[in-house]
Amino acid sequence: MRRVQQLRLDKWISKARPKPLVIRGARQVGKSTLVRNFAAEQKLDLFEINLENYPEMDDIFSRKDFSGILKAVEAICDKPFHAKNSLIFFDEIQATPAGLAALRLFFDQTGDYIPVIAAGSLLEFVLAEYSHSMPVGRIEFLHMGPMKFQEFLDALGHQALRGQLEDFRLGDSVNPITHKKLLSLTREFLAVGGMPEAVSVYVHTKSLKEVQAAQQYIVDTFRDDFFKYGTKIDAKTLRILRNSFDYIPFHVGQKIKYSKISSEDKAESVKKSLDILSLARVILRIVSSSCNGMPLASHANHKIFKCLFLDVGLMNRRCGVDWASLSKLDDTRLIDEGKIAEQFVGQELLFGDEGIAPPELFFWHRDEKNSAAEVDYMLTVGDLILPVEVKSGKTGAMKSLHRFLFEKNLSAALRFDLNPPSQGDFQVITDGQPIKFRLHSLPIYMAGMGQRLFELYRAG
């Protein structure tokens, strides 16, 4: 199952002197498998060490003795080390925090360069605590999430369909047979999701029952990890963590009110639980931005946010939505009900590149009396702010989108639904004023391509 992040690794290793690379992402998203597959394709001798099994390495890293670190690597892997055509992989590096600071030693060494990759499932907690000691400028980060829909197609052997998606440009049409097939596979993806283990089970068994067992195992693993989230996880914090973890899948896409998660606890305690789950990347915050300029983060209000779950398949598993339910939903209900489509599109947008940038996504809303409005997501393409709606139905019913375009004086928008690609120019009236805009409508299975499509569109 080749991942899009491998393109980034290929570029990384081709540099004359690649910086140590740290892979960041939630548990079970495929970080270790990515490195193993990469080493095999590049014909690199892999020295892999799971640092959870060797906590004494923390002391060795602390000494900052590069020769001592290499000797320990040789002893653990039980083979001699040769700098040429070798790759060191420190997995679960959060178990030895001193290892993060010691990565700079690999970059600072003279002579033969030794490429090194580190990864960790709960790495964000260590990075948040020890950021002051990180070797700034001497390491690179790569961000991973669940598999994208295109990767799912590849895993199932639909390379031709993936190729047609890769070749698509705004303004093109899609063959009706291709469109129907991709919509069918999209529904399968909504049930299976993008967690590599669940996808692997589906590839080998084609049994959605077996997939659900794999998904349940992953969910249980996340719950078991709560005890590893820090030294201050007392009984109260654990209870609120569980409440939050159970709440989010059922309320994806809704603005968070702490009292809804736990009415008996203070807002600060609930906020802390969501902060912890965000650090673990089990949930993903979508923050409100006024969108008054670029970058959107500079106009964000972090007190107003909604959440996505890590993966649409896991979300549906937690909510009890099975294949029978998904297959019976008609197109309108699939897009507009249950927030399944909003989770899918958000997930694809968040992890839509090679992992260069950390996952970040915003939405817009106004909460004025008799004039409430909300647009699902915001993309930025160069200096363009592009509002994104996940909707079915007629263009005239998209009043929140019209309000946003009117207030921000913008003239382009993007919609994801289940129809073939189209684009058209529209004029509507808002506050007595005419608004002219171009609506690009794309099928939902192109959500992960939205950013790239518009970059190509503007460049052309």
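In this predicted model, ring pairs join F125, F226, Y229, F245 and F309 into a cluster. A search of the whole structure finds 18 aromatic pairs. One of these is formed by F66 and F106, whose ring centres lie 5.0 Å apart with the planes at 85°, so the pair is edge-to-face, given that angles over 60 degrees count as such. F66 belongs to helix α4 (residues 66–77) and F106 to helix α5 (residues 98–108), so that this pair links distant parts of the chain, 40 residues apart, and both F66 and F106 are buried.

Because F226 lies in the loop between α11 (208–224) and α12 (235–247), while F245 lies in helix α12, the pair ties together parts that are 19 residues apart in sequence. F226 and F245 are both buried.

Aromatic rings also meet charged groups: the charged end of R17 sits over the ring of F107, 5.8 Å from its centre, and R24 lies over the face of F141, at 4.5 Å from the ring centre.

A further arginine, R3, is found in the segment before α1 (5–13). R3 has a relative accessible area of 6%, which is under 20%, and therefore R3 counts as buried. The side chain of R3 makes a polar contact of 3.3 Å with that of E151. Leaving aside neighbours within four places in sequence, the residues in contact with R3 include V29, G30, L34, M144 and P196, as well as E151.

Conventions:
Residues are numbered from 1 along each chain as its sequence is written. This is a predicted model: local features need pLDDT of at least 70, side-chain atom pairs count only at pLDDT 80 or more; totals for chains, interfaces and linings use all residues. Side-chain values use heavy atoms; hydrogens and water are left out. Helices (H or I, at least four residues) and strands (E, at least two) are DSSP runs, numbered from the N terminus. Buried means under 20% relative accessible area, exposed over 50%, partly exposed in between (1.4 Å probe, protein chains only). A polar contact is a pair of N or O atoms within 3.5 Å; within protein, one must be able to donate a hydrogen and the other to accept it, and residues adjacent in sequence count only if both atoms are side-chain atoms. Contact means heavy atoms within 4.5 Å. Rings of Phe, Tyr and Trp (its six-membered ring) pair if their centres lie within 6.5 Å; planes under 30 degrees apart count as stacked, over 60 as edge-to-face and the rest as tilted. A charge sits over a ring if NZ of Lys or CZ of Arg is within 6 Å of the ring centre and within 35 degrees of the ring normal.
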